[in-house]
Amino acid sequence: MNTLEAFAMMDYGPAPEDAREAHAWLDAHDRRFDLFIDGQWQPATDDTRFDSHDPASGEPLASIASASAADVDRAVAAARKAFPAWRDTPGHMRARYLYALARQIQKHARRLAVLETLDNGKPIRETRDIDIPLVARHFYHHAGWAQILASEFPDHEPLGVAGQVIPWNFPLLMLAWKIAPAIAAGNTVVLKPAEFTSLTALAFAELCRNVGLPDGVVNIVTGAGETGAALVAHPDVDKIAFTGSTEVGREIRRQTADSAKRLTLELGGKSPFIVFDDADLDSAVEGIVDGIWFNQGEVCCAGSRLLVHEAVSERLLAKLRRRMNTLRIGNPLDKAIDIGAIVAPVQLERIRGLVDQAVAEGATCHQAECPLPETGLFYPPTLLTDVGPASTAAQTEIFGPVLTAMTFRTPDEAVMLANNTAYGLAASVWSENINVALELAPRIQAGVVWINTTNRFDAACGFGGYRESGYGREGGREGLAAYLRPAWEQRLPMLPLDTGDELGAAAPAGDPSAAFGIDRTAKLYIGGKQKRPDGGYSQPIVAADGQHVADVSLGNRKDIRDAVEAARAAAGWARQDGHARAQILYYMAENLAQRRDEFAARDARLSGVTAQQAGAEIDEAISQAFSAAAWADKYDGAVHNPPGRVLTAALHEPMGVIGIVCPADAPLLAFVSLALHAIALGNRVVAIPSARCPLLATDFYQVLETSDLPDGVLNIVTGRPTELAPVLADHMGVDALWYFGPASGIADVKARSTSNLKTVWTHEGRALDWFALGAGHARDILGHASQVKNVWIPYGE
Ligand code: NDP
């Protein structure tokens, strides 16, 4: 071919990466790896092994030990043994280890990139330019956190042993996202990589030895799902951090429900990629290429659902089809390749199966004309059109290079379609009008929104999902906080298991005093109105002196459903600005203050505490109400400045509808502290007040009725927590559950929270002193009342 012909073809010659060093490293290990436990390579107890393959060639790469439950036990024991010394290592020293790891990663960057490409099938261009640099960045960033931890997180401590389970799509990067914050915060770690892609985790183990990381701080147990399950089930693990499928995430939530293990879940997605009619279509096409064909589409936050304005749909799709034909698919070690191999036969089959199903359901399938290699696991870039919003192609995570396209006409319709999914991991919005894009960002239910960009990540910016994409963030301050807890929490006494479900005791039969106040029946408070309970039952409430004070309604499943419906209908509250919410809360606080003596007298009578004690509770409740008002316009997020001319606005958004099961004690104080701080941030609440002393909460209706709180923002359903809390936990319309009810119910509500993967906040059956929580308490509640959305806004030409 002469120069002129080559110029006319504009084709690339092969540009193969030299893989010799990676192969030499494998050879140096005899292509046989054991488990990394307590700083040593240790064989698996029963010597079970599996092979790791190169998905591009099908060649076996290495034989890897498969850890049994007994091996996991050894690894956890090593991590436990190493924990006290690592926790007590000064932050500065921990930082030095993390800096050293970051440097090791940089020094061996090319070998790690090649190894990752060999093991996973992803293009060398991506491992070399994206994965490995981000791994190093993660360790650098978290080295800094270790250095400043004591001053930034005063009176906090690490959780202990973290069990971490990661998937195969970004093997070393996922490891970095898990290990860097955990060890920076002083935890020790047992990590299980995915069976398909263990090699870079094993290479990392070697780097840990190179830097002299103390034995047992990082342990790597290779194996399949059973190894992960054994780690999750291990009783001596304090936290589970999982990335993978929503299905396994749900299973893990169920498995850990009866323990106090902390849990963060980074799960699947079906992220919208929204293109407005004023978008720069050529840039949008490049964005789509990055959004869905980066990493073969095996990306949890892949922009797999293209939503394009009807007016530009044909033009955009025509450009996209042309661009698809120019994508190069093949040997991932070729530096000029865009799309590499699918990780394993099972994943390739899954992609094929889902595309076939989409076509059977009526979708039109367009595949790029680029040639596929004759051997290896490859799948062409694919575009599905003519799909309905409820079809498999629009709803199921395909986790492959498959894009589903739909159209919209108005911004409202774009938002509706974007949110028409159980997931909520990420979204990408393309418009030359930044006002339009920024208006849309808060309305999309997703943990990350990229504006005129996509698939960007940085250690400083939290990453994680809303809804069934999981909870918790990785990266940034929030990600680190997930590996810490306030030191005082562990010092709280445990409640007896059955505390808190007894309703005010029944009046003794025939007691003449039982007639006192007989006409007063406290109803439910739903949608701004007092409502009779659906079941028609009520229960007498008897004061400490034995007299019948009033009856209280016994709410049931239907009442909870009505209350959740009312709360969902009050979504406008979240859109009010903080100042407006603050004013309403101040007014409520003032109204409560005006009735201070009345509430105090009632509290003294009902609870049998002294007038002074009752007064103290009401005063503290008033103070908490003012605190909630004060915070309504102050709990701001942050602006990050990650590398690459982009600002990331980390917004604190409300969770949505929060179910609150109040504790039996401090009946007004706990109720006011929890409910008002929750609504201060724009949440709506369905509260189940103290069963033992519900009348202070029902008296609070009068404060609500004389305030300007919109109907449905705060709903109160009295009744037995053991009956009502499971209904809240099951309910798909409840986004978060705060459970301070009977300790015996904790495991049950956690297990039920899998319905829609709602977050559950409990104090694990520990007794809180609501009077002595101090200044940090409000921030603690606000943290549970909000989730962080990172909005990426690039700047410059
Ligand atoms: P999984 O959720 O099964 O795997 C993720 C990790 O969990 C792996 O290390 C896996 O081990 C391990 N694991 C599997 N079962 C259990 C268990 N019961 N307890 C503890 N750990 C377990 O994802 P897959 O790899 O099977 O992929 C299936 C689908 O999940 C994909 O098609 C994709 O849709 C989605 N996915 C989403 C990811 C994300 O980042 N959100 C990442 C990966 C997959 P092993 O792999 O060794 O079996």
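So, where does the ligand sit? In this predicted model, the ligand sits in the second largest pocket. That pocket has a volume of about 960 Å³. It is lined by 36 residues, and the closest to its centre are W168, F242, G244, S245 and V248. By type, the lining divides into 17 nonpolar, eleven polar and eight charged residues.

Now let's turn to the ligand itself. Around the ligand there are 26 residues, and I166, W168, E195, S245 and L267 come nearest. Which element gives the most to this shell? Here the answer is α9, with three residues. You can trace α9 at 225-233, and β10 at 239-243 and α13 at 345-360 each supply at least two shell residues as well. The shell is made up of 13 nonpolar, nine polar and four charged residues.

A nitrogen atom of the ligand lies 2.8 Å from a backbone N or O atom of L267. On the oxygen side, a polar side-chain atom of R350 is 2.9 Å from a ligand oxygen, and a polar backbone atom of G225 is 3.2 Å from an oxygen atom of the ligand. And how much of the ligand does the protein cover? On its own, the ligand has 850 Å² of accessible area, and the protein covers 85% of that.

How values were computed:
Residues numbered from 1 in each chain as written. Predicted model: local features only at pLDDT ≥ 70, side-chain atom pairs only at ≥ 80, totals over all residues. Heavy atoms only, no water. Near = heavy atom within 4 Å. Polar contact = N/O pair within 3.5 Å; in protein donor to acceptor, adjacent residues only side chain to side chain. Areas by Shrake-Rupley, 256 points an atom, 1.4 Å probe, with all protein chains shown as cover. 1 Å grid on protein atoms, 1.4 Å probe; cavity = no way out; pocket = protein on both sides within 12 Å on 5 of 7 lines; lining within 4 Å. Sits in = over half its atoms within 2 Å of the grid points. Helix = DSSP H or I, 4+ residues; strand = E, 2+ residues; numbered from the N terminus. Nonpolar A, V, L, I, M, F, W, Y, C, P; charged D, E, K, R; others polar. Points joined across faces, edges and corners; volume = space filled by probe spheres on them.
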